[in-house]
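Dear colleague,

Please find below the structure that I am handing over to you. My notes on what was found in it follow.

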Amino acid sequence: MKYLLSRQMMHLNLYLYSPEAAGHLMSRLHPLAERHAVEKLGWLRAAVLGANDGTLSTGSLIVGVASSHATRGSILVAGLSALVAGALSMAAGEYVSVSSQADSEHADIAREKQELATDWEGEVAELAGIYQKRGLDGDLSHEVAVALMKHDALGAHARDELGLSEATAARPIQAAFASATAFSSGALLPVLAAVLTPVAWVSWGVSLTSVVVLAILGVVGALAGGAAPLRPALRVTFWGIVAMIVTGGIGRLFGV
């Protein structure tokens with residue numbers, strides 16, 4: 001009886017200590033399984049920051065150019081240039097950053113392959129030690145480590161030692177495309193406001209549009225992340241207003 005119970009506990013621990021399996025189990029047990037805000041913070045942070053950057057930088061630039069009494073054509077050229085340059089800059093920066101992360105992950109995987117080839121027993125002990133820290137006793141943690149490594153040694157170490165999995169793997173092209181798209185979506189509205197607003201009121205129209213968009217982004221980001229929306233919305237709106245006042249002042253100071 002004790003042996004059967006031990007085996008059942010081993011399989012349960014194997015299942016629960018896999019994040020993907022745990023999430024699948026929870027969704028099967030209850031259709032309204034609890035979801036935590038941290039599960040969404042990765043993509044949410046990138047999307048909100050990209051859209052904020054697009055709205056704030058493009059809107060502020062348009063306000064600065066419009067405040068210098070530029071023609072509508074010059075204002076639109078400045079706005080579109082800011083949109084395209086900003087989107088490409090975000091894409092390039094994200095691609096380089098995530099590519100560096102991917103290179104580090106590949107180097108870690110290659111090092112782990114070498115260690116598995118030269119020191120199998122040491123790697124078994126290392127993995128067993130990880131499971132002991134998670135609450136398994138010595139014998140059971142060793143049994144679990146051996147079972148997992150017989151099934152997929154590299155995958156077990158990548159997941160439990162290095163914290164790497166298919167779901168969290170670095171994808172530079174996807175990251176670059178997502179950043180460029182988020183920036184462009186945020187920058188598009190100030191440009192449209194400049195197109196639709198009479199030239200004499202472009203500064204005010206773009207400023208108002210940008211502030212409203214920033215406030216909405218602050219609220220959406222806070223709600224999606226499970227936080228109260230007031231402070232994030234006020235924070236991003238305040239800095240948006242400051243940026244547009246500064247650029248507008250520069251435009252008036254150096255305008256003709």
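A residue is called buried under 20% relative accessible area, exposed over 50%, and partly exposed in between (1.4 Å probe, protein chains only). Phenylalanine 238, at 48% relative accessibility, therefore counts as partly exposed, whereas tryptophan 239 is exposed with a relative accessible area of 52%.

The model is predicted, so local features need pLDDT of at least 70 and side-chain atom pairs count only at pLDDT 80 or more, while totals for chains, interfaces and linings use all residues. Residues are numbered from 1 along each chain as its sequence is written, and side-chain values use heavy atoms, with hydrogens and water left out.

Rings of Phe, Tyr and Trp (its six-membered ring) pair if their centres lie within 6.5 Å; planes under 30 degrees apart count as stacked, over 60 as edge-to-face and the rest as tilted. The count by this rule is one aromatic pair. Phenylalanine 238 and tryptophan 239 form this edge-to-face pair, with 5.1 Å centre to centre and 75 degrees between the planes.

Helices are DSSP runs (H or I, at least four residues), numbered from the N terminus. The axes (lines fitted to C-alpha atoms over the stretch in contact, with angles from 0 to 180 degrees between N-to-C directions) of α4 (residues 72-118) and α7 (residues 172-196) come within 8 Å and cross at roughly 165 degrees. The two helices are therefore roughly antiparallel (an angle over 145 degrees). By class, their contact has 22 nonpolar, five polar and two charged residues; Ala, Val, Leu, Ile, Met, Phe, Trp, Tyr, Cys and Pro count as nonpolar, Asp, Glu, Lys and Arg as charged, and the others, Gly among them, as polar.

Yours sincerely

Notes. Angles under 35 degrees count as roughly parallel, over 145 as roughly antiparallel, 65 to 115 as roughly perpendicular and the rest as oblique.
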